[in-house]
Amino acid sequence: MLYGKKLRELRKIEGWSQEEVAKKLGVSKQTYSHYENEKRKPSLNMIRELASVYKVNIDEIFAEDPGDDFFKLPIVGSISCGNGVLAYQDIEGYEYVPKTWLNGGEYFYLRAKGDSMINARIQEGDLLLIRKQEEVENGEIAAVLINGEAILKRVYISEDAIILQSENPKYPPIILDEQRDIKIIGKLKKVVLNF
């Protein structure tokens, strides 16, 4: 990987010393020096900090991959489903995830909208790591495509209906017969808090 070279270039553009950058990051000069010399891999949080300090996108430092331990996933703004095939539209960016979070299958991120899931500790703007799958167990939280819009709800399936339950008493359950335009697109695996 050549992220050390990129970090040096960015630092020189800003005219900063290693000490100055280390201070901005809240690490020792030695630790920062290890990043530039690629003797130590920065953590995912530190990667975000580096991108923030240099005011660049993570991709500009870590070209395609910040290391073998991370995987790049799309943050999907909207999803369409034509002929039963999911298409990601309005991809608003990419986020690196530790490979330890992924356990087989295909994953993507959605961004939480609104306050309907606040009692499940899901806030507006949080990133939702979704594992793509068409079936979930009763009571699991899933991303559901309903009339072309992806929403996040607790899913309960009975013989003649699908119940989509919010985690906020302000919102009544959505009860649908199975023939309606509804498709389970994936199971919520992790919430990445938005600070």
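## Basis of the description

The model is predicted, with local features requiring pLDDT of at least 70 and side-chain atom pairs counting only at pLDDT 80 or more, whereas totals for chains, interfaces and linings use all residues. Residues are numbered from 1 along each chain as its sequence is written, and side-chain values rest on heavy atoms, with hydrogens and water left out.

## Burial of helix 3

Helix 3 spans residues 29-36, and because six of its eight residues are buried, it is largely enclosed by the rest of the structure. Helices here are DSSP runs (H or I, at least four residues) numbered from the N terminus, and buried means under 20% relative accessible area with a 1.4 Å probe, protein chains only. The buried residues are Thr 31, Tyr 32, Ser 33, His 34, Tyr 35 and Glu 36, and their cover includes helix 1 (3-14), helix 2 (18-25) and helix 4 (44-53). After helix 3 comes Glu 38, which has a positive phi, near 60 degrees.

The axes of helix 2 and helix 3 come within 8 Å and cross at roughly 105 degrees, where axes are lines fitted to C-alpha atoms over the stretch in contact and angles run from 0 to 180 degrees between N-to-C directions. Helix 2 is therefore roughly perpendicular to helix 3, a term covering 65 to 115 degrees. Gln 18, Glu 19, Val 21, Ala 22 and Leu 25 of helix 2 meet Lys 29, Tyr 32, Ser 33 and Glu 36 of helix 3, contact being heavy atoms within 4.5 Å.

Helix 1 and helix 3 pack at about 120 degrees with their axes 7 Å apart, and they are therefore oblique to each other. On the side of helix 1 the contact is made by Tyr 3, Gly 4, Lys 5, Leu 7, Arg 8 and Arg 11, and on the side of helix 3 by Tyr 32, Tyr 35 and Glu 36.

Not counting residues up to four places away in sequence, Tyr 54 touches Leu 7, Leu 10, Arg 11, Glu 14, Trp 16, Val 21 and Tyr 32.

How values were computed: Buried means under 20% relative accessible area, exposed over 50%, partly exposed in between (1.4 Å probe, protein chains only). Helices (H or I, at least four residues) and strands (E, at least two) are DSSP runs, numbered from the N terminus. Angles under 35 degrees count as roughly parallel, over 145 as roughly antiparallel, 65 to 115 as roughly perpendicular and the rest as oblique.
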